[in-house]
Amino acid sequence: MSRKIFGAVAAVLCLTAGAQAQTILSAETAAPNTTPGISIIALSEAAAKAGVADIQVTSGQTLTNSVQNVAEGKTDIAAAPFILPFLLSKGVGPYAGLGAEKGAELANELAVLYTYRISVQGLFAFDSSNISGWDDLEGKTIFNGPPRGAALTNARLLIKTNTGLEEGSGYTGVQVNWGQAVKTMQDGSADAFVLPMSFPDPRVSASLASGNMTIYSVSKEVYDSEAFGNVAKLPGTVKFSMPVADMGYGDGVTVVSEDDTFRGPGTVGADIVNKSMDFELAKSLTAAAIENIESIYHAKAPFMPVTWHGETAIEITDMCGPNPLKYHPGAVAAWEEAGYTLPDCAK
């Protein structure tokens, strides 16, 4: 073999070995057409583009379980509504079986790479249903999320805040996994839906094959009430409003609001890792994400440019306060090197 050929073969072998040596990480997220699903998939593409890591993504997961898996070191990265680490830290809700001490121990193992708005909880129904707003939910059957997770917790709370109704006594709740969501919306299993939404929302758009739909805003009176203000104080929940004209819907979807502004509780979360993740790895992952917010994240779906990726202000991220999570030190370094300012309480 000539020296030139031998050298070329050696170079190829070195490149192949380098590619194989790239860090392999696991990640869990929600359905691939949701904000957390797309966010993790976008991170995997950004990390691969930067040569940081090969992230093997499992989508369609219940994030309650995914958060615990990251805390226990079983998964490297997960999407996490901030209400879940809070509940974990208290050992309550879906984590009641762990107890307060174990829950707090696990929550202390979690750290944030970057935050974003996961969804906005809202009410919608087919125009053919007997639903014309929040006041019509009593005695009805409502699809309000998966059997276990932040979406279900938030939906029950939002219904109670708007109507005073409790699941079981005031209405019948239907829960199915996200993979069955569109089918459940289309097959008549429920009269109405109180679910997390994006703008425009893929589940709403997919369901239009079964008829036109109407989305109902939280009223201004409820939105400005003390009860709704208390909802917005929960970890991972912020007050959200948007002009109806900016929601991105076309024919087939009507949005009902008294003043052409849609209002609701925004669910905020993050892509998280175990705090034991290597400093340089966390920094490189975050830097890759920051560099590709517009080119990868925003390009993934029509609703992604308005999901607050790249925002660091407390009123948007909901870091600090009752939220127990802080940024991973590597993530802090990446954000600050990119010219962003993070609040000291979140470091």
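Visitor: How much space lies in the largest pocket, and what makes a set of grid points a pocket or a cavity?

Guide: About 170 Å³ of space lies in the largest pocket, a volume being the space filled by probe spheres set on points joined across faces, edges and corners. On a 1 Å grid over the protein atoms alone, a pocket is an open set with protein on both sides within 12 Å along at least five of seven lines, whereas a cavity is a set where a 1.4 Å probe fits but cannot get out. This is a predicted model, in which local features need pLDDT of at least 70 and side-chain atom pairs count only at pLDDT 80 or more, while totals for chains, interfaces and linings use all residues. Residues are numbered from 1 along each chain as its sequence is written, and side-chain values use heavy atoms, with hydrogens and water left out.

Visitor: Which residues line the largest pocket?

Guide: Lining residues have an atom within 4 Å of a point; there are 13 for the largest pocket, with Gly133, Trp134, Ser217, Val218 and Ser219 nearest its centre. The lining comprises 5 nonpolar, 6 polar and 2 charged residues, where Ala, Val, Leu, Ile, Met, Phe, Trp, Tyr, Cys and Pro count as nonpolar, Asp, Glu, Lys and Arg as charged, and the others, Gly among them, as polar.

Visitor: Why is Thr163 called partly exposed?

Guide: Thr163, which lies in helix α6 (residues 150–163), has a relative accessible area of 26% and is therefore partly exposed, the class between buried (under 20%) and exposed (over 50%), computed with a 1.4 Å probe on protein chains only. Leaving aside residues up to four places away in sequence, Thr163 touches Trp134 and Leu137, contact meaning heavy atoms within 4.5 Å.

Visitor: What makes α4 oblique to α5?

Guide: The axes of helix α4 (residues 83–90) and helix α5 (residues 100–107) come within 5 Å and cross at roughly 135°, so α4 is oblique to α5. Angles under 35 degrees count as roughly parallel, over 145 as roughly antiparallel, 65 to 115 as roughly perpendicular and the rest as oblique. Pro85, Leu88, Ser89 and Lys90 in α4 meet Ala100, Gly103, Ala104, Leu106 and Ala107 in α5.

Conventions: Axes fitted to C-alpha atoms, helices over the stretch in contact; angles between N-to-C directions. Helix = DSSP H or I, 4+ residues; strand = E, 2+ residues; numbered from the N terminus.
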